[in-house]
Amino acid sequence: MTTRHQISVTVNGVNYQREVDARLTLADFVRHDLSLGGTHVGCEHGVCGACTILVNGASMRSCLMLAVQADGAELTTVEGLSRNGELHPVQQAFIDRHGLQCGFCTPGFLISTAELLQGNPNPSDDEIADALGGHLCRCTGYQSILESVQLAAQMMREGTIVDAASPAEA
Ligand code: FES
Ligand code: FES
């Protein structure tokens, strides 16, 4: 038996009101109820990082959070990083430095990188490794990802800045 609850969340600047099962994870909510499939689900127990999204500006494993726990929150998924058809510098940098191959892990890396660079615009390699240490990639190689993050930081310092934690214009 399960119970259903009414929730209201703002995702990438758009407000949604939905009735959800109490046991529904936030990852399944954004993927299936909101059709935002950019958030990927790998391990479903908090290890791989593929499901990472921003909840009120802080990165969270959406497979470890229930949709009802996000009631009233502002969420940013990977779909919310770009603005007006322009890629976020982090997205562009991952393309330019070959920070992805299959792309399964990439949404989580992009979200955590955007969060890192908002708080630390000039991170060292060690700080990047520390911030992204909870993400697993099985095909690209972490050196390319690290170089992507450094390029993204450079691009954002040079002024191509998008505030990933702020709501997009609807
Ligand atoms: S699916 Fe959430 S951490 Fe792996
Ligand atoms: S790009 Fe394939 S798992 Fe990371």
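I began with the largest pocket of this predicted model, which has a volume of about 150 Å³. I worked on a 1 Å grid over the protein atoms alone, where a pocket is an open set of points that a 1.4 Å probe fits, with protein on both sides within 12 Å along at least five of seven lines; the volume is the space filled by probe spheres set on the points.

I then noted the lining, meaning residues with an atom within 4 Å of a point: Gly-42, Cys-43, Cys-48, Ala-50, Cys-102, Phe-104, Cys-105, Leu-136, Cys-137, Arg-138 and Cys-139. The lining divides into 9 nonpolar, 1 polar and 1 charged residue, with Cys, Ala, Phe and Leu counted among the nonpolar types, Gly as polar and Arg as charged. Domain 1 (4–80) and domain 2 (89–157) each supply at least three of the lining residues, the bounds coming from an automatic or database domain assignment.

Next I looked up the helix packing, taking helices as DSSP runs (H or I, at least four residues) numbered from the N terminus, and axes as lines fitted to C-alpha atoms over the stretch in contact, with angles from 0 to 180 degrees between N-to-C directions.

For α3 (residues 106–119) and α5 (residues 142–157) I found an angle of about 45° and axes 11 Å apart. The crossing is right-handed, the near helix being turned clockwise from the far one by less than a right angle.

I recorded that α2 (residues 89–96) and α3 cross at roughly 125°, their axes coming within 9 Å, in a right-handed crossing. For α2 and α5 I noted about 135° with axes 8 Å apart, and α2 passes α5 right-handed as well.

On conventions, I number residues from 1 along each chain as its sequence is written, and letter chains from A and number ligands from 1 in the order in which they are written. Local features need pLDDT of at least 70, side-chain atom pairs count only at pLDDT 80 or more, totals for chains, interfaces and linings use all residues, and side-chain values use heavy atoms, with hydrogens and water left out.

Technical notes. Helix = DSSP H or I, 4+ residues; strand = E, 2+ residues; numbered from the N terminus.
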